[in-house]
Amino acid sequence: MFVMELTYTAPVDRVDTLLPAHVAWLDALYAQGVFIASGRKNPRDGGIILAVADDRARIEEIAAGDPFVSGGVCTYRITEFAATKTAPALSAYREQPAA
């Protein structure tokens with residue numbers, strides 16, 4: 001599992017011009033089962049996405065495709081972690097700890 005942390009690098013009014021394209025990008029990745037949660041940070045200086053993929057390279061490729069990235073209004077910090085404990089609703093994403 002991956003935490004994708006967006007940090008805005010441009011004023012929010014510029015971010016907002018790209019918001020419809022960003023939401024369409026999010027929707028497509030939710031439909032593919034890659035994204036499982038997302039939202040704005042508070043204060044609004046970026047956002048967080050929880051994602052699942054086979055490897056970090058795939059997540060980096062996905063992040064590069066965000067209209068916010070191609071529009072030059074955000075950067076990503078990607079953190080990989082093993083979700084060894086989850087809420088029951090997220091049990092399908094639970095991983096076994098490494099031996």
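**A sheet, its helices and some charged pairs**

Okay, let's start with K41, which counts as buried at 17% relative accessibility. Buried here means under 20% relative accessible area, exposed is over 50%, and partly exposed is in between, with a 1.4 Å probe and protein chains only.

Before I go on: this is a predicted model, where local features need pLDDT of at least 70, side-chain atom pairs count only at pLDDT 80 or more, and totals for chains, interfaces and linings use all residues. Residues are numbered from 1 along each chain as its sequence is written, and side-chain values use heavy atoms, leaving out hydrogens and water.

So who does K41 meet? Its side chain makes a salt bridge with D45, at 3.6 Å from N to O. By salt bridge I mean a side-chain nitrogen of Lys or Arg within 4 Å of a carboxyl oxygen of Asp or Glu. D45, at 38% relative accessibility, is partly exposed. Both belong to a network of salt bridges that also takes in E5 and R77.

The whole structure has six salt bridges. One of them joins R44 to D16, with the closest N and O atoms 2.5 Å apart. That pair ties together distant parts of the chain: R44 sits in the loop between strand 2 and strand 3, while D16 is in helix 1, 28 residues away. Another is E60 with R56, at 2.9 Å between the closest N and O atoms. Why are those two separated by about one helical turn? Because they are four residues apart in helix 3.

Now the fold. Helices (H or I, at least four residues) and strands (E, at least two) are DSSP runs numbered from the N terminus. Four strands make an open antiparallel sheet in the order 2-3-1-4, with strand 2 (35-40) and strand 4 (74-80) at the edges, each pairing on one side only. Pairing takes at least two DSSP bridges between two strands; strand 1 and strand 3 are joined by six, and L6 stands opposite G47 in strand 3.

Last, the inside. A nonpolar core is a set of buried Ala, Val, Leu, Ile, Met, Phe, Trp, Tyr and Cys residues joined through side-chain atoms within 4.5 Å. The largest one here has 21 residues, and those with the most contacts inside it include M4, W25 and Y76. Strand 1 gives the largest share of this core, four residues. Y76 touches M4, W25 and I49, among others, not counting residues up to four places away in sequence; contact means heavy atoms within 4.5 Å.
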